[in-house]
Amino acid sequence: MNECKCVAGLASSAAAACLSSAELRSHRSALFSKEQVRQRSLYPRTEKIEVMLQGPGLQGTLLVMNRGLSTPYSCTRHLTEWHVKSSALALVDGQPWHMHQPLIHSCDLTLLTFKDDDPQIANQAYWRSCAALLGHVLDEAFKDEFSVELLKLPEVPVTAGAFCCDLVLDSRLDSWTPTEVRTASSQTLLTFEERAAQSQNGTVSLYRCGDHVTVSGGPLVARTGLCSQYEVTSVHKVGECEWGVLRRAQGLSLPLNLTAHHNVWKMLRKRAERLVRNVFVCDNSVKQVKARHCRQKHCFNALVSF
Amino acid sequence: MMEAAAGRTRGAAELWFSCIRTHRTNTWWDEHLTEDNASFLKKVVTEEYKQQTTDKLNPLKDEPWPRHEWVEGSRRVGLVAVKLGMMPVWTKSGERHVVTMLQVQDCHVVKHLSKEEYEGHTAALIVGGKNVSPFHRPEGYLEVFRNAGVPPKQKLTTFCVSDNAIIKPGTPLYAAHFRPGQYVDVTAKTIGKGFQGVMKRWGFKGQPASHGQTKTHRRPGSLGPGGDPAKVFKGKKMPGRMGNIYDTTHGLKVWRVNTKYNILYVNGSVPGHRNCLVKVRDSILPTRLENNKNPPFPTFFADGDEEIPEDLYDQDMFQFGEPMAE
């Protein structure tokens, strides 16, 4: 029951409107730390598991790691610095797995980078993490007395051109339109920490980045230092909902080893300013999105698969 | 965060710091692109240029600036052209002259600087010639063109202009801006000859080839008067690097103007190699001011009512097929 209360506490922050944003953030962060400590204590005795590494050049390497404590990140620390820096996501038995999520049983581990032959999964995870970062940036952008409600991070495929974040601002800011939308993200290397919390429906994954805690539908990328170019491109008013005016903020980002020339970046940015309609990751609708304009880098060229 | 795409050059004083290992941040434009992405981008850029040029073809549509009449003493803008080559031309009396062909390719007015911004005496117009790809230019350079709505150019020059001759940025300029019979000055960077001796560089006579000369055939000889100053004067002509500097040829007559391909046929030779970009403007020689009266002012506009023929010839020039006066 403790766990459910935890999650309920995080989800019902709308009820805690009397608290300012900074206090809310520290409250959520404290809850996250408590939950982290609790999950670590699930494995009081150190048990060993065997992790088999797959991938080019690494086939058959066997690592003996600790259950509930070792993460794919610690596996890369046993390899080379290049593996540590370049791996964005891990595949455990074929399932996308966050780099800082602890391994709980013996498995096959594959490390994914952005320059693989088929970087679909890494790309989608990167897109999701950028959306989470966008939420974090918007949360911190406004002064403390204005409340910012981040509703959700819609799952947008990379071909849509921009990642988005739906939010509702304080009712006092109803007539606010962004005059200058510029990037505000910092370059400090913040790690995304991940915890799976038990709730009535099933597992919900929470991610913390610095001070900010988000819920995400899938695994996020290892750390913010992996994004080289990041920009918040536009904020559109989408409609009304019960809490106020629904807005959608969009952004664009590229990873560190795929830096774009300033011209190419400008073209991508122009495309990212257009409002992204809700697209579902299925063949037919994405084909319509793919039809015109800027394609992205070869890593992001998901068009090939359709 | 945006990163500058072009690397910076380092001065000699900074060599000390170049041994520090840093993270390489610059990249060429298609380092991370597939071939079809790269060709797509090139296509997109050409289409964008075409679109921008056609948008600016109709100056009347987008609030042009007022056009004034030519007045004695007003200075108008010039052009940037490409030097194509040379060819002979005959006059009606049978004399042969040579002309240089200068083609005006994609010439646009890019920026206007008012008197206060420029220097306090005259206004200035910055003109660019010959479209160039945006992928090999730094961001700051492309900003001026983006503000004018014009594709990026290879060469930018400034023309000092009187206040009644200012033109809105984005206006295209054509070869018909000059008419046959006018006199122009052409400025360009001369061909670099490298380190040259005093005979080629300054035209010294040198010494005889034989009759006892020992190892002295192309040397400068004496360096000055001798004991009284007991020094070599500053600015003494000596061997050194020659060429690759901007030089102007004054008072060149325009023999012919082709309006279809925008080519000016200008008398004599012009500094620079073939396909180099030159700056052409009305001559400032006082004896040629008579010939430069009543030019198209402030420039030739293609959307005007006047229909000009494809080729405009000077009245002294012999056109093939005419009867010769014996």
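Let's start in chain B. B:Asp316 and B:Lys253 form a salt bridge, with their closest N and O atoms 3.7 Å apart. By salt bridge I mean a side-chain nitrogen of Lys or Arg within 4 Å of a carboxyl oxygen of Asp or Glu. The two partners come from distant parts of the chain, 63 residues apart: B:Asp316 follows strand E13 (311-313), and B:Lys253 sits in strand E10 (residues 246-258). Helices (H or I, at least four residues) and strands (E, at least two) are DSSP runs, numbered from the N terminus.

A word on the source. This is a predicted model, where local features need pLDDT of at least 70 and side-chain atom pairs count only at pLDDT 80 or more, while totals for chains, interfaces and linings use all residues. Residues are numbered from 1 along each chain as its sequence is written, chains are lettered from A and ligands numbered from 1 in the order in which they are written, and side-chain values use heavy atoms, with hydrogens and water left out.

Back to the pair. Is B:Lys253 buried or exposed? B:Lys253 counts as buried, at 12% relative accessibility. B:Asp316 is partly exposed, at 42%. The cut-offs: buried is under 20% relative accessible area, exposed is over 50%, and partly exposed is in between (1.4 Å probe, protein chains only). There is a third member here. Salt bridges with shared partners join B:Lys253, B:Asp314 and B:Asp316 into one network.

Stay on strand E10 of chain B. B:Trp255 lies in that strand too. B:Trp255 is buried, at 5% relative accessibility. What does B:Trp255 contact, leaving aside its neighbours within four places in sequence? The list includes B:Val89, B:Val99, B:Pro180, B:Tyr265 and B:Leu312. Contact means heavy atoms within 4.5 Å. B:Trp255 and B:Asn267 are 12 residues apart along the chain, and their C-alpha atoms are separated by 6.8 Å.

Next, another chain B pair. B:Lys115 and B:Asp163 form a salt bridge, again with the closest N and O atoms 3.7 Å apart. B:Lys115 is in helix H2 (residues 115-118), and B:Asp163 is in the loop between strands E5 (153-161) and E6 (172-173), so the pair ties together parts 48 residues apart in sequence. B:Lys115 is partly exposed, at 31%. B:Asp163 is partly exposed as well, at 45%.

How many salt bridges does the structure hold over all chains? The count is 10. One of them is in chain A: the side chains of A:Arg67 and A:Glu47 meet at 2.7 Å, N to O. The pair is 20 residues apart, with A:Arg67 in the loop between strand E2 (61-66) and helix H3 (72-77), and A:Glu47 in the loop between helix H2 (21-40) and strand E1 (48-54). A:Arg67 is partly exposed at 26%, and A:Glu47 is partly exposed at 33%.

Now chain A as a whole. Chain A has 7 helices and 12 strands. Of its 306 residues, 52% are buried. Helix H6 (residues 262-272) is largely enclosed by the rest of the structure, because 9 of its 11 residues are buried. Among these are A:Trp265, A:Met267, A:Leu268, A:Arg269 and A:Arg271.

One serine is worth a look. A:Ser129 is in helix H5 (residues 120-141). A:Ser129 is buried, at 4% relative accessible area. A polar atom of its side chain lies 2.6 Å from the backbone oxygen of A:Ala125.

Last, the domains. Chain A divides into domain 1 (48-113) and domain 2 (119-277), with bounds from an automatic or database domain assignment. Between them, 15 residues of domain 1 contact 15 residues of domain 2. The buried area is about 1200 Å², and carbon and sulfur atoms give 64% of it. Buried area is the accessible area (1.4 Å probe) that two parts lose on being put together, summed over both. A:Leu89, A:His98 and A:His100 supply 42% of what domain 1 buries there, more than any other three residues.

How many salt bridges lie between the two domains? The count is 0. Helix H4 (81-86), strand E3 (89-92) and strand E4 (95-97) each supply at least two residues of the domain 1 side. That side divides into 9 nonpolar, 5 polar and 1 charged. Here Ala, Val, Leu, Ile, Met, Phe, Trp, Tyr, Cys and Pro count as nonpolar, Asp, Glu, Lys and Arg as charged, and the others, Gly among them, as polar.

Note on methods: A polar contact is a pair of N or O atoms within 3.5 Å; within protein, one must be able to donate a hydrogen and the other to accept it, and residues adjacent in sequence count only if both atoms are side-chain atoms.
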